[in-house]
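This briefing is for a reader who is new to the structure shown below. Please keep the sequence and the model at hand while reading.

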Amino acid sequence: MPRLFALIIGINDYADSDIPDLRGAVGDANAVKYFLVEDVGIPERQIVNLSNAEATRVAIETEIRKLAENPAINAGNPILIYYAGYSAETVPDSQEPIEMLLPHDFSYRGSENGVPTTTLFRLLRQLKEQKGNNITIIFDCDEQRHTTRTHIDEDLSSYVLLTACRKGQSARETAGGGVFTTALLNLLRREGLDKITYEEAITALQKLPG
């Protein structure tokens, strides 16, 4: 029985009317879950999938904590956290910019309900302490207002991070979904998840438009 456990998050629709909805984030998240279940053979009970209104700040942070607390996950078992949605960098008055993921209930009128990278650092450290560092994070993030690429590189010994774009770039989506996620899943199906390293995967990805 494959021992991988996953938290998959996809957000197309945002509660704040000032945030334009995305088209492909939920589809990307569903495609990742389908790949894990149908191609890799992961039992659905080992996957948590938060979509749209389910993906609040509290829910996202709670589910990461639950990974650390889950007695079914042994030290060293692979853990995947996938996020498709918006990232942003807010610039509070007289403060340093704060990079964050935007949950469904994020609002620029009350930006404390984002998921800042400082919180992610803390949750990932706790997860590593409890379950080891066999953790992969995949972000396919588009950018919103005052933004840079969301990066969480405080301690790369805790996890491997794959992102759709570098600082100053934007993730792209088409009618069929995110360009990065689609290309990555196609590559993993072609090469085999157990036959390719992280570095080889990034090197072998097709040249992505834009």
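This is a predicted model: local features need pLDDT of at least 70, side-chain atom pairs count only at pLDDT 80 or more; totals for chains, interfaces and linings use all residues.

In which helix is glutamate 63 found? Glutamate 63 belongs to helix H2.

- Glutamate 63 has a relative accessibility of 16%, so it counts as buried, the limit being under 20%.
- Apart from neighbours within four places in sequence, glutamate 63 is in contact with Leu7, Val48 and Leu50.
- The buried residues of H2 are Ala59, Ile60, Glu61, Glu63, Ile64, Leu67 and Ala68.
- Among the elements that cover these buried residues are strand S1 (5-10), strand S2 (47-51), S3, strand S5 (115-116) and H3.
- H2 has 13 residues, which at 1.5 Å a residue should span 18 Å; the C-alpha atoms at its ends are 19 Å apart, in agreement with that value.

**The second largest cavity**

- The whole structure holds four cavities of 30 Å³ or more.
- The second largest cavity has about 70 Å³ of space.
- Its lining is made of 11 residues, and the closest to its centre are Ile64, Ile81, Leu101, Leu120 and Phe139.
- Helix H2 (57-69), strand S3 (79-90), helix H3 (117-131) and strand S6 (135-144) each give at least two residues to this lining.
- The lining of the second largest cavity has 11 nonpolar residues, with no polar and no charged ones.

**The largest nonpolar core**

- In soluble globular proteins, nonpolar side chains tend to be buried together.
- Here the largest nonpolar core has 63 residues.
- Ile8, Ile9, Leu36, Ile81, Tyr83, Leu102 and Leu127 have the most contacts inside this core.
- S3 contributes the most to the core, namely eight residues.
- Leaving out residues up to four places away in sequence, leucine 127 touches Leu67, Ala68, Ile79, Ile81, Gly132 and Ile135.

**Helix H3**

- Buried residues in H3 are Thr117, Thr119, Leu120, Phe121, Leu123, Leu124, Leu127 and Lys131.
- An α-helix has 3.6 residues a turn, so residues three or four places apart point the same way.
- The 15 residues of H3 should span 21 Å at 1.5 Å a residue, and the 20 Å between its end C-alpha atoms agrees with this.
- Glycine 132 follows H3 and has a positive phi, near 90°.

**The second largest pocket**

- The second largest pocket contains about 410 Å³ of space.
- It is lined by 21 residues, of which Thr136, Ile138, Leu188, Leu193 and Tyr198 are the closest to its centre.
- Helix H1 (25-40), S3, S6, helix H4 (179-191) and helix H5 (198-204) are the elements that give two or more residues to the lining of this pocket.
- H4 supplies the largest share of that lining, four residues.
- By class, the lining of the second largest pocket has 17 nonpolar residues, four polar residues and no charged residues.

**Arginine 172**

- Arginine 172 sits in the loop between strand S7 (160-163) and strand S8 (173-174).
- With 46% relative accessibility, arginine 172 counts as partly exposed.
- Arginine 172 and glycine 24 are 148 residues apart along the chain, and their C-alpha atoms are separated by 9.7 Å.

Conventions: Residues are numbered from 1 along each chain as its sequence is written. Side-chain values use heavy atoms; hydrogens and water are left out. On a 1 Å grid over the protein atoms alone, a cavity is a set of points where a 1.4 Å probe fits but cannot get out, and a pocket is an open set with protein on both sides within 12 Å along at least five of seven lines; lining residues have an atom within 4 Å of a point. Grid points are joined across faces, edges and corners, and a volume is the space filled by probe spheres set on the points. Ala, Val, Leu, Ile, Met, Phe, Trp, Tyr, Cys and Pro count as nonpolar, Asp, Glu, Lys and Arg as charged, and the others, Gly among them, as polar. A nonpolar core is a set of buried Ala, Val, Leu, Ile, Met, Phe, Trp, Tyr and Cys residues joined through side-chain atoms within 4.5 Å. Buried means under 20% relative accessible area, exposed over 50%, partly exposed in between (1.4 Å probe, protein chains only). Contact means heavy atoms within 4.5 Å. The expected span of a helix is 1.5 Å times one less than its number of residues.
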